[in-house]
Amino acid sequence: MRTIALAGNPNVGKSTVFNALTGMKQHTGNWPGKTVESAQGECRRDGLTLHLVDLPGCYSLLARSQEEEVARDFLCFDCPDAVIVVCDATCLERNMNLVLQILEITPRVILCVNLVDEAKKKHIRVHLDRLTDSLSVPAVKTAARSGEGLKALITAAVSWDPPFDGRGTPVVYPEPLETAVSSLAETLSFLWEENISPRFAAVRFLEEDEGFLSSLSRHLGHPWDEHDDIKEEVDRLRVWLLRQGMDRESVRDAVRESFVKKAEAICRRAVSFDDPQYARKDRRLDWLFTSRITGFPIMFFLLLLIFWITISGANVPSALLSEAFSWMENRLLDSAAALGIPKAIYAPIIFGIYRVLAWVVSVMLPPMAIFFPLFTLLEDFGYLPRIAYNMDRCFKSCRACGKQALTMCMGFGCNAVGVTGCRIIDSPRERMVAILTNSFVPCNGRFPMIITIIAMFFAGTAAGFLSSFLSALYLSLIILLGIAMTFLTSRLLSQTVLKGMSSSFTLELPPYRRPQVGNVIFRSVCDRTLFVLGRAVAVAAPAGLLIWIMANISVGGTSLLTHCTEFLDPFARCLGLDGVILMSFLLGLPANELVIPIMLMAYLAQGSLTEIGDLQEMKNILMDHGWTWVTAACTILFSLMHWPCATTCLTIRKETGSVRWMLLSILLPTAMGMISCFLFSQITGLFLEM
């Protein structure tokens, strides 16, 4: 078995190449000791089994993030038999920096020039013979989406055998750095038997790359400076460079400049443009999407459009699912009666666990099945990085990271997914800020409750299309409030428990591409919708049993649920709510979709979840129990800002490795929500009394 690594920048089609080569013979997990995802798979060619490792997408091996660290360490210390470096034919120069760095580690490189179909549309020509001549490695053109060139690529990876034993020197550094690197590389090559690139290691020693030196010590099994000869030579050359006027920062700048200049020289020779104005279309779209004048209005319009499509499209499938589950419930009851099962046994299972699961699936699945594909289409089109670009200034003013805009967008589908997405933020401080504030944007589980209350109390008098449009508009405004609270809380955290300034980061604005609709639907349904639904179902099942027990076990002639609501009622009234609403939120911790049915169950004093399809009937029940438009508004505010669901809490615990941070992520939005509800109810109460 041969091990082949796939490396490349983000957004070059590396995962598409990997998926096309491995098919379904792949598995994912995390790298040992890291939260960075690992994808590995197998394929067979010419009687050989090839083990393919999809390295995290990165722009450089001069590690600034966990992704770059993982890719660097695998290439340096795991010694794959070949490395396929996937590049984007439409912007080869930007990708060439990584190619040159990998060539400094190993000559067993195959250059995959992907997206040649996109390059052809933009009248860009890549001359493979000139690339091969400049780099001394095979270069293969591919269009991974259509499968073009993949067979030639894997054949090159299997057959490529560099004609020399040592590693090449694709980049020559300016003097005196080149002299120091060559001298130290020779010393390392003579002393080390390990299969480590002497030249790459020499540069890391001279620029004092602490991350690489720590990884090297772990690989050796002891601190690297136990090798006295190496330590003495490194110290001597560092002092010598300092006398020549090159300190650590000067060395780092010279290294980066050398790679950039070499990449520019290679691509100037190997790439030609038949149409010098090839990027004009992208430039016009960028002017529209990232302009200070039009950028934010377009973002709001797209947000409104997505929510309108989600609201309008989810009603029918949700009703069909509800009817199907109701039919199945009747069949289960008939079966239990036919088998003579006592009610004490089947009631908690059917009326508790099953009914809660049915409600969660019927309410949660349709909106997710619509929202996630729409979100992924924007991602495939290349619009999400433009959102991050637009919002970077806002997050920077809050001393947070602009990448938080991307994780916030993920939170619209599921806050747990948004928390996991915070891995893309390099700074540990800014990553923690993003994790703690992710629940301020309402997830897919909170949408049905917010939309239902909006429809009953604020948009219910409108008809048909206008009603759904107003619901989407009000929902968009509520989300803008959630985003504003995200900014406020991020600023508050950055000035208190997570003090610090915003860091710089590289944000790529990839070229616009036509989304692959079929692939988008499959990926969003399998990777996101079913994954999130599965976790929600796992926590909703035991919650259903608990809710049934509290509603059906009585103390002093009153159910436990009623005792709890009466206990919470005085405090809840101060927030513009009541005890039933607050208790429903507490019992809805496993899944926010349960809040409204628990309210109805408590108000009607029934022993199981109740579903009422007619909004007017539901509104009448709520108003009979003291609801006003102020109660509805406070309930929406508390839904926007309260503790995350159980799935998100567990994800935060896993991502941070700390119960303390998980508790803070619960207390922070809850405190903000209670303060907001208290102020709103008190202020509106004063105005209503006037």
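Trainee: At what angle do helix H5 (residues 128-135) and H11 pack, and how far apart are their axes?

Mentor: In this predicted model, helix H5 and H11 pack at an angle of about 150°, and their axes lie 8 Å apart.

Trainee: What makes H5 and H11 count as roughly antiparallel or roughly parallel to each other?

Mentor: Angles over 145 degrees count as roughly antiparallel and angles under 35 degrees as roughly parallel; the angle here is about 150°, and H5 and H11 are therefore roughly antiparallel to each other. The crossing in which H5 passes H11 is right-handed, and the contact is made by Arg-130, Leu-131, Asp-133, Ser-134 and Leu-135 of H5 together with Ile-266, Arg-269 and Ala-270 of H11.

Trainee: Turning to the rings, how many aromatic pairs does the structure hold, and why is the pair of Tyr-173 and Phe-259 called edge-to-face?

Mentor: The structure holds 12 aromatic pairs. For Tyr-173 and Phe-259 the ring centres are 6.2 Å apart, which is within the 6.5 Å needed for a pair, and the planes stand at 80°, which is over 60 degrees, so the pair is edge-to-face. This pair links distant parts of the chain, with Tyr-173 in the loop between helix H6 (150-159) and helix H7 (177-191) and Phe-259 in helix H11 (residues 248-270), 86 residues apart. Both Tyr-173 and Phe-259 are buried.

Trainee: Which residues form one aromatic cluster?

Mentor: Phe-77, Phe-200 and Phe-212 form one such cluster.

Trainee: What makes you say that the charged end of Lys-619 sits over the ring of Phe-457?

Mentor: The charged end of Lys-619 is 5.5 Å from the centre of that ring, where the distance limit is within 6 Å and the charge must also be within 35 degrees of the ring normal. Arg-660 likewise lies over the face of Trp-661, at 4.8 Å from the ring centre.

How values were computed:
Residues numbered from 1 in each chain as written. Predicted model: local features only at pLDDT ≥ 70, side-chain atom pairs only at ≥ 80, totals over all residues. Heavy atoms only, no water. Phe/Tyr/Trp six-rings, centres within 6.5 Å; stacked < 30°, edge-to-face > 60°. Helix = DSSP H or I, 4+ residues; strand = E, 2+ residues; numbered from the N terminus. Buried < 20%, exposed > 50% of the residue type's maximum accessible area, 1.4 Å probe, protein only. Axes fitted to C-alpha atoms, helices over the stretch in contact; angles between N-to-C directions. Parallel < 35°, antiparallel > 145°, perpendicular 65-115°, else oblique. Left-handed = near helix turned anticlockwise from the far one by under 90°. Contact = heavy atoms within 4.5 Å.
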